[in-house]
Amino acid sequence: MVDMSATLLHHGHIRILKKASKYGKVIVALITDKEIKKFKGYQPEMSYSQRKEVVQSIRHVSTVVPSKFILTDKFLNRYKIDFLVHGDDNINRVDRKRLLLFRRTKNISSYLLRKRVIKYLS
C-alpha cells in the first residue's frame, strides 16, 4: 500500500508507486477531501473522485481506496496489506515491521508546485 493525497500529481508520486510495485500489487490509500481539509487546511484542486480516476490510470496501481490522513495497522489489516510504502517523512501509526521507507524525491511536492503557481500568478 502507498498512501497519498495526489492533489497535484508529480514524478515523486510515480517513483514511489514504481518502487512499491516491486513488492507486489499496489493499493493506493487515497486521502479523502475532508481529511485533506482537516490536516492540510485547504480544499484540494481536484475532488476525491477526480484524483481517484487519475491515480487509477497509473499502470503501477491496481486499486484505490479512500483513507484518512494517518493510517493505522487496523486500516492495513482491513485490506490485508503486508507493507506500507512511504517516503522518509512518514507519520503513520503503523508497526515499523510493516513500513518500507524510501527517501523522498528532492525538490518536489504538491506544496512546492502550488507555491510556484502562486508565485507565477502574483
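In what order do the elements of the protein chain run from the N terminus on? They run β-α-β-α-α-β-α-β-β-α. The legends below follow this predicted model from the whole chain to single residues.

Figure 1. Start at the N terminus and follow the elements: β-α-β-α-α-β-α-β-β-α. The C-alpha atoms fill a box of roughly 45 × 25 × 25 Å, taken along the principal axes. A compact globule with 122 residues would have a radius of gyration near 14 Å, and the protein chain agrees because its own value is 14 Å. Of the 122 residues, 44% count as buried.

**Figure 2. A salt bridge between D33 and R51.** A search of the whole structure finds four salt bridges. In this one, the closest N and O atoms are 2.6 Å apart. D33 lies in helix α2, residues 33–40, and R51 lies in helix α3, residues 48–56, so the pair ties together parts that are 18 residues apart in sequence. Are these two residues buried or exposed? D33 counts as buried because its relative accessibility is 18%, under the 20% cut-off. R51 counts as buried too, at 0% relative accessibility.

**Figure 3. A salt bridge between R114 and E45.** The two side chains meet at 2.6 Å, N to O. R114 lies in helix α5 and E45 in the loop between α2 and α3, so the pair ties together parts that are 69 residues apart in sequence. Look at the cover on each partner. R114 is buried, with a relative accessible area of 15%. E45 is partly exposed, with a relative accessible area of 42%.

**Figure 4. A salt bridge between R98 and D73.** Here the side chains meet at 3.1 Å, N to O. Which parts does the pair tie together? R98 lies in the loop between β4 (84–87) and β5 (99–102), while D73 lies in helix α4, residues 73–78. The pair therefore ties together parts that are 25 residues apart in sequence. R98 is buried, with a relative accessible area of 15%. D73 is partly exposed, with a relative accessible area of 23%.

**Figure 5. A patch of positive charge on the surface.** Which residues gather here? They are R15, K18, K19, K22 and R59. Find K19 in the view. K19 lies in helix α1, which spans residues 11–21. K19 is partly exposed, with a relative accessible area of 30%.

Figure 6. Now pick out Y120. This residue is found in helix α5, residues 110–121. Y120 counts as exposed because its relative accessible area is 72%, over the 50% cut-off.

**Figure 7. H13 and I108, 95 residues apart along the chain.** How far are the C-alpha atoms of H13 and I108 separated? The separation is 9.6 Å. H13 lies in helix α1. At 11% relative accessibility, H13 counts as buried.

**Figure 8. K80, a residue other than glycine with a positive phi.** Most residues other than glycine have a negative phi. Phi of K80 is near 55 degrees. Where is K80 found? K80 sits in the loop between α4 and β4. K80 is exposed, with a relative accessible area of 75%.

**Figure 9. N107, a residue other than glycine with a positive phi.** Phi of N107 is near 60 degrees. N107 is found in the loop between β5 and α5. Is N107 buried or exposed? N107 is exposed, with a relative accessible area of 65%.

Definitions and conventions
Residues are numbered from 1 along each chain as its sequence is written. This is a predicted model: local features need pLDDT of at least 70, side-chain atom pairs count only at pLDDT 80 or more; totals for chains, interfaces and linings use all residues. Side-chain values use heavy atoms; hydrogens and water are left out. Patches are made of residues with over 30% relative accessible area and no salt bridge: like charges are joined within 9 Å, nonpolar side chains (Val, Leu, Ile, Met, Phe, Trp, Tyr) within 5 Å. Accessible areas come from the Shrake-Rupley method with a 1.4 Å probe; for residues, only the protein chains shown count as cover. Lys and Arg count as positive and Asp and Glu as negative; His and the chain ends are not counted. The place of a charge is taken as NZ of Lys, CZ of Arg, CG of Asp or CD of Glu. Helices (H or I, at least four residues) and strands (E, at least two) are DSSP runs, numbered from the N terminus. Buried means under 20% relative accessible area, exposed over 50%, partly exposed in between (1.4 Å probe, protein chains only). The radius of gyration is taken over C-alpha atoms; the globule rule is 2.2 Å times the number of residues to the power 0.38.
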